[in-house]
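Subject: Structure handover

Hello,

Here is the structure for your set-up. My notes on one helix and its surroundings follow below it.

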Amino acid sequence: MDRLDAMQAFVRVVETGSFTKAAETLQASKTRVTQLVQQLETHLRVKLLHRTTRRVNVTADGAAYYERVVRLLGDLDDAETSLSAASASPRGRLRVDVPAPLASLVLVPALPDFHARYPEIQLDLGASDRKVDLVDENVDCVVRGGELTDPSLRARHVADLPLGVYAAPAYLARAGTPAHPQALEDGLHRIVSYRSSRIRSTLMSPLRRGGEEVRVQGRHALSVDDGNAYLAAGVAGLGVLWLPHYMAHAPLARGELVRLFEDWRLDAMPLYVAFPPSRHVSRKLRVFIDWIVTLMAQHAPAIQPPQVPAPT
């Protein structure tokens with residue numbers, strides 16, 4: 001028995017609650033994972049897991065062993081990367097999921113810099129707005145906008161993304177340019193609705209000016225669950241958008257969107273990096289998180305919307 005392989009298999013079974021899912025994330029057969037855990041139990045002379053037809057549950061001894069093994073594997077990873085060569089260049093596979101617009105507009109264009117700094121890190125990047133199960137899908141971290149809905153996750157606050165209200169010139173020519181946010185409630189106007197299982201509140205942040213606050217409900221002809229589709233719908237003239245400024249920067253410069261209510265203030269959207277509480281924060285994950293923080297600090301001033309006048 002390779003004790004290290006057995007411990008890694010045991011940890012994945014505990015975290016996923018399934019031999020099948022553990023085998024998938026380890027890219028091994030279910031039989032191999034089962035054998036490793038059984039050999040580990042034989043070696044320790046302790047039952048680590050309760051197996052049922054539906055679920056695998058950890059025993060009391062198994063839970064205590066799991067906590068020590070996670071720390072041990074983490075210490076081993078740190079010991080390897082603390083060597084001079086590895087310390088200068090952390091290595092390994094890193095699985096990350098980020099919102100699709102943030103990936104295409106900010107992260108991916110900046111990745112040549114990341115890979116130049118850390119050439120030994122293999123980045124598996126998922127670009128989606130869906131809710132990701134970090135444990136079951138063996139994802140190291142996610143980058144998410146809005147308040148987190150899972151309080152069990154560990155998270156680092158990365159940035160606060162300024163928001164604005166935008167519409168396409170073609171839409172404004174058809175429905176009229178609203179002078180006040182309340183005008184969006186009348187029968188002529190439509191919004192594009194964004195729905196997400198991850199964000200407690202909607203994207204439609206209230207607008208404030210002085211002591212006045214307006215919460216727009218609005219009517220929509222289209223509802224989407226993807227940020228890129230949401231932006232495309234607004235550019236196509238299907239309704240008014242609430243957008244982080246970084247998403248609106250290029251369409252504004254091209255004349256595809258117009259910013260509305262510039263003298264009104266909207267609450268910024270928090271941006272977080274989140275990861276499982278039981279997952280050891282390896283050196284490769286730490287440098288990625290630090291890189292994200294630096295990247296957003298550099299881009300936030302640069303991606304404020306240019307002052308493009310509304311059509312008259």
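In α2, the buried residues are F19, A22, A23 and T25; buried means under 20% relative accessible area (1.4 Å probe, protein chains only). They sit on the same side of α2, because they cover an arc of only 165 degrees around the axis. That arc is taken from the directions from the helix axis to the C-beta atoms.

This is a predicted model: local features need pLDDT of at least 70, side-chain atom pairs count only at pLDDT 80 or more, and totals for chains, interfaces and linings use all residues. Residues are numbered from 1 along each chain as its sequence is written, and side-chain values use heavy atoms, with hydrogens and water left out.

The buried residues of α2 pack against α1, α3, β1 (49–51), β2 (56–58) and β3 (92–98). Helices (H or I, at least four residues) and strands (E, at least two) are DSSP runs, numbered from the N terminus.

Now the helix pair. α2 (residues 19–26) packs on α3 (residues 30–44) at about 110 degrees, axes 8 Å apart. Axes are lines fitted to C-alpha atoms, for helices over the stretch in contact, and angles run from 0 to 180 degrees between N-to-C directions. So α2 is roughly perpendicular to α3 (65 to 115 degrees). F19, T20, A22, A23 and L26 of α2 meet K30, V33, T34 and V37 of α3, with contact meaning heavy atoms within 4.5 Å.

Last, the end of α2. Q27 follows the helix, and its phi is positive, near 55 degrees.

Best wishes

Note on methods:
Angles under 35 degrees count as roughly parallel, over 145 as roughly antiparallel, 65 to 115 as roughly perpendicular and the rest as oblique. Buried means under 20% relative accessible area, exposed over 50%, partly exposed in between (1.4 Å probe, protein chains only).
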